[in-house]
Amino acid sequence: MSQQQPTPADTAGGVRHDFLHDFLLDPARHSPGAPAVIESPQAGHTAVTTYAELTALVGEYAAGLHALGIEPGARVILEADTTAPAIAMLLACSRAGLTFVPVSPETPYRRLESIAETVRPALHLQELTGQRTDVRPPVGTARFGPDGLTVDRAPVRRPPRRGTPCVTDPAYIIFTSGTTGRPKGVVMSHRAVVAFYRGMLAHRIAGPEDRIASTSPLQFDFSLLNIGLALGSGASVVPVPPPLVRWPRHLLRVLRETGATQVNGVPSIWRQVLRHEPRRLAALDRLRGVLFCGEEFPLPELRRLQELLPAARIVNCYGATESMACSFEDVPSPLPESIERLSIGTAHPGAEMLLVDGTGAVIDAPGVVGEIHLRSPALFSGYWDDREATRATLVPDPLCPQSGQYVLRTGDLALRGPDGEFYFAGRIDSQVQINGNRVELAEVERRLTEHPGATAATAIPLPLPGGGQRLAAFVVPAAGGDLGDAGALREFCAQTLPPYMVPQEIRLLDRLPTTANGKVDRAALAAGAEPAA
Ligand SMILES: Nc1ncnc2c1ncn2[C@@H]1O[C@H](COS(=O)(=O)NC(=O)C[C@H](N)c2ccccc2)[C@@H](O)[C@H]1O
């Protein structure tokens with residue numbers, strides 16, 4: 001396949017760029033000398049990569065990949081944190097017609113092996129400083145750095161069978177942690193990702209002067225959203241290395257030294273900052289935006305964040321990896337006292353959320369809970385090599401099943417407000433049965449965080465010895481708060497919840513365990529809980 005060079009016509013203003021690399025590096029959107037990536041790996045040291053330098057590195061890597069004779073459509077495992085070279089490499093894979101599979105350097109060897117057995121990659125790529133050594137043949141291995149690509153083990157050369165790149169080709173595959181069973185490979189085409197980026201950029205969340213801190217690992221598509229938001233806005237990406245995200249002082253130092261204007265991350269990145277470094281956070285006077293996604297932001301912590309950053313625009317971004325995301329809604333500032341749920345707004349321009357009830361009928365009335373189904377040009381192509389899971393998730397359009405159009409069945413519950421906005425109401429699988437009664441775990445968690453001494457809470461079902469489930473809760477005390485003991489907390493819940501929704505056991509924790517993507521790790525809580533008495 002000819003290397004994907006933008007022909008002069010491609011780069012003329014106004015031409016649609018539907019390949020990931022063309023869309024994000026469109027010169028019409030940014031000036032060559034503007035900073036594309038700003039890094040600060042250690043105190044006092046800041047490195048800037050301009051758009052011209054990034055584009056040149058993409059060209060160098062793409063030429064290196066092309067010389068390896070890998071068949072277009074082949075998969076490449078990209079093991080890296082979010083760095084300037086890694087961003088250049090994913091764009092180079094896009095340009096070379098290769099599907100990149102991002103994995104973090106912390107990925108356990110067995111999980112990397114499982115991913116490789118599933119996608120059968122032609123090549124494993126890591127940074128010059130990468131530590132991975134045991135990638136098995138015939139997978140080729142290579143390293144990349146500021147000076148280009150170096151090959152350790154050449155990949156198998158295969159004649160190209162695709163002559164023309166199509167926007168429906170897979171741009172990347174993200175492996176979800178998989179709430180149930182085996183991790184699934186979410187396949188996203190160029191067309192889907194670029195359609196999503198277009199919808200997102202219509203919200204004007206960032207401009208060319210912005211410096212957007214990305215705190216998620218590259219294997220989490222939140223990082224790909226941040227890269228698209230920054231480069232798509234002609235702004236700068238400020239990647240925060242994962243080891244620094246976990247330490248408030250380091251995180252705040254990077255934000256300060258890079259002049260970050262926006263911080264994008266899952267809610268849990270703020271927990272320790274709010275508890276241990278509120279004043280240093282409040283002193284970041286360039287910080288004017290926060291965007292979060294992945295799970296609900298505990299309201300007491302969101303209020304505290306607003307108090308410390310009163311001028312910041314806080315955006316609640318909702319969505320699933322199967323469409324990257326789907327809505328962007330400003331959090332009201334300040335949050336009304338009475339609020340029970342955060343609005344997730346409506347889908348980004350070009351997409352639409354529907355609510356469907358248990359019979360498959362579309363719900364139009366406000367205030368009625370249904371499952372969110374997403375109509376969108378940004379839907380994933382399917383789960384890699386898993387038709388059954390794909391069929392269960394890409395379902396016929398409930399408004400017109402005969403049409404052959406598919407929508408994304410999200411597994412999320414929501415209800416519609418008076419103005420058509422949606423309110424997230426938990427996941428279908430977070431509706432659990434306790435003593436024969438249906439319990440919405442988010443409702444128990446909400447009640448626990450209404451206690452002034454609590455800042456976050458997670459409720460999970462635990463098995464009872466004789467069968468059935470009991471309710472357990474894990475609560476993080478607010479700094480300086482007075483939570484009392486578990487009995488007092490149970491009593492507090494009993495004031496508004498029916499007996500079967502009052503957690504039988506409550507444990508106080510200094511911090512909630514999180515998954516590699518930064519979400520509360522419910523499986524770890526369940527595994528660590530004492531067996532039922
Ligand atoms: N703002 C939310 N409030 C509440 N529950 C939420 C929210 N955003 C997701 N979720 C939950 O997380 C699920 C999706 O999980 S996921 O597939 O691992 N993907 C993600 O979490 C990240 C997602 N791809 C993304 C990436 C970048 C920006 C936004 C969203 C959703 O179905 C929701 O249940």
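Of the 20 residues around the ligand, which come nearest? The views below are of a predicted model, in which local features need pLDDT of at least 70, side-chain atom pairs count only at pLDDT 80 or more, and totals for chains, interfaces and linings use all residues. Residues are numbered from 1 along each chain as its sequence is written, and side-chain values use heavy atoms, with hydrogens and water left out.

**View A. Residues around the ligand.** Asp221, Asn316, Met324, Asp412 and Lys519 come nearest, out of 20 residues around the ligand (near: a heavy atom of the residue within 4 Å of the molecule). An N or O atom in the side chain of Asp412 is 2.6 Å from an oxygen atom of the ligand. For the side chain of Lys519, the corresponding distance to a ligand oxygen atom is 2.7 Å, and for that of Arg427 it is 3.1 Å.

**View B. Helix 4 against helix 7.** Helix 4 (residues 84-95) packs with helix 7 (residues 221-232) at an angle of about 90 degrees, and their axes are 12 Å apart (axes: lines fitted to C-alpha atoms over the stretch in contact; angles: 0 to 180 degrees between N-to-C directions). The two helices are therefore roughly perpendicular (65 to 115 degrees). Ile87, Leu90 and Leu91 of helix 4 meet Leu224, Ile227 and Leu231 of helix 7 (contact: heavy atoms within 4.5 Å). The residues of this contact are six nonpolar, no polar and no charged.

**View C. His21 in helix 2.** Helix 2 spans residues 20-24 and contains His21 (helices: DSSP runs of H or I, at least four residues, numbered from the N terminus). His21 counts as buried because its relative accessibility is 2% (buried: under 20% relative accessible area, 1.4 Å probe, protein chains only). Its side chain reaches the backbone nitrogen of Arg95 at 3.5 Å.

Notes:
Buried < 20%, exposed > 50% of the residue type's maximum accessible area, 1.4 Å probe, protein only. Polar contact = N/O pair within 3.5 Å; in protein donor to acceptor, adjacent residues only side chain to side chain. Parallel < 35°, antiparallel > 145°, perpendicular 65-115°, else oblique. Nonpolar A, V, L, I, M, F, W, Y, C, P; charged D, E, K, R; others polar.
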